[in-house]
Amino acid sequence: MADLQILGNEEQLQAAVAGRDARFDGWVFLAVTSTGIYCRPSCPAVKPKREHQRFYASAAAAQEAGYRACKRCRPDASPGSPAWDWRSDVCARAMRLIGEGVVDREGAAGLAQRLGYSLRQLERLLIAEVGAGPAALARAQRAQVARTLIENTDLPMGQVAFAAGFASIRAFNRAVADVFACSPTELRAKTRNRAEAGGGAISLRLAYREPFEPSNLFGHLAASAAPGVEEWRDGAYRRTLRLPGGPGIAALKPGPGYIEARLRVADLRDVTAAVARCRRMLDLDADPQAPMEALAADEALAPLVAKTPGRRVPRKADPDEYAIRAVIGQQVSTASAATIAARLAERYGEPVDDPDGGLARLFPDPAALAEADPAHLPMPGSRKRTVLALAAALADGSVELGPGADWPTARAQLAQVPGVGPWTVEMVAMRAMGDPDAFPVKDLGVIKGAEALGLGAGRALEARSQAWRPWRAYAVQYLWASSEHPTNRTPNDDIPDETEREKADA
């Protein structure tokens, strides 16, 4: 059994199961020896005797041990483990890359190479941590994606197998039968609410943990949208995606207990990567309880947490894109930065076919932008040099910001780029890399919010923030909302509008 120390001791886990505590869903999986089934801790089924309970840190580990998924609580469809979202160790980096479909495209050996480990070392680390190696983890993910597509679309089974990352129909059929104890056709027959979005689009529902506050997420994404690359339309945030098999489009809309995702991909094998990026963009794998408990312990932040629990950190789907746009946004308004980004996309971005209209380009690849004529960059000379230097560093790999990046190393690499200061480094760490402890202490919006709450600024604020670790990026969301900021609104208000925040870099 994998090391479950991060989840608590067995007595705590059994208490969570007895209380059907949904907060543990995705953190831990309960397997029942007498039935051969594994469940979520919150499963409504009658709980087994203690001697029949086994706990696993991942669905893959339970499947490797011979258990199949419960058909009632669907543990394979629970939100992802938050551990991989906030941890920065090699196992967390590996899990994020597996979520991106790296094993499906490059194999387990390719994953190990990306992380700088031998395959044997990586397998040993993952088995010790989550109870399964990279191949088994990727297989479990493929089965989950397959089930989602089987139950939510009318795609032919051959296309489902292809989209989920299986190499053959035979492997697809065997995996579905092993994990769900029925054939793909039987699984689809049991599903009543099945629909395809039409016109080649695929509609999915993305799960998250409650509480969930959508206003700052969608408000920020809509306010900073670069026309042609992103837009807010009909209550949904839409944007283009640079995927391994070609350009794609995602439309994300908050629903009752889930996010409605409508995806268009050039290659069905990119569905896994597209879903992973959408989840990361909206911080859907976060455990809201942990940051809420840490921040509510501060008497100044406690009222804000109580008023709007479940704030998430808005991110960008493409880390390289956000890093360049963070530099563009230095010392200019959010609207101006979005306009400049749109102009760059129009000149240097790859065209995208959007049947619904409104989206036309991918944001430029760093390699294309590195070769740009400085005369075509609508910004001051010093910022042009920084954009070009950063684009070149991202293109040649001297700055690595992807889901497998080591956060401290990436910070150090960014700081070496001329013109990239502490504000930019922390904003990139927060919104591109997903570091939950990123804290742009010199951001003027943070300073104003902190001063309004009597938290001080500068060294005093930095010292006060130590008690919020490792959740300071979530504290930033509350500090931004503490002043006259539309993300202080209720979730029923119109989302797409957000007050601009000032920037600072020194």
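Close-up 1. Before we go on, a word on the model: it is predicted, so local features need pLDDT of at least 70 and side-chain atom pairs count only at pLDDT 80 or more, while totals for chains, interfaces and linings use all residues. Residues are numbered from 1 along each chain as its sequence is written, and side-chain values use heavy atoms, with hydrogens and water left out. Arg188 sits in helix H10 (residues 184–189); helices (H or I, at least four residues) and strands (E, at least two) are DSSP runs, numbered from the N terminus. Arg188 is buried yet has no salt bridge, and the nearest side chain of opposite charge, Asp154, is 5.0 Å away. Buried means under 20% relative accessible area (1.4 Å probe, protein chains only), and a salt bridge needs a side-chain nitrogen of Lys or Arg within 4 Å of a carboxyl oxygen of Asp or Glu. Lys and Arg count as positive and Asp and Glu as negative; His and the chain ends are not counted.

**Close-up 2. Strand E1 and its partners.** Strand E1 (residues 29–32) is covered on both faces: Phe29 and Ala31 are buried on one side, Leu30 and Val32 on the other. In a regular strand the side chains alternate between the two faces of the sheet. E1 runs antiparallel to strand E3 (residues 53–56), joined by 4 bridges, and Leu30 has Phe55 as its bridge partner there. With strand E2 (residues 37–39), E1 pairs in the antiparallel sense over 3 bridges; two strands pair if DSSP finds at least two bridges between them.

**Close-up 3. Aromatic pairs.** You can find 7 aromatic pairs in the structure. Phe29 and Tyr38 form an edge-to-face one, 6.1 Å centre to centre with 75° between the planes. Rings of Phe, Tyr and Trp (its six-membered ring) pair if their centres lie within 6.5 Å, and planes over 60 degrees apart count as edge-to-face. Both Phe29 and Tyr38 are buried.

Terms used:
Buried means under 20% relative accessible area, exposed over 50%, partly exposed in between (1.4 Å probe, protein chains only). Rings of Phe, Tyr and Trp (its six-membered ring) pair if their centres lie within 6.5 Å; planes under 30 degrees apart count as stacked, over 60 as edge-to-face and the rest as tilted.
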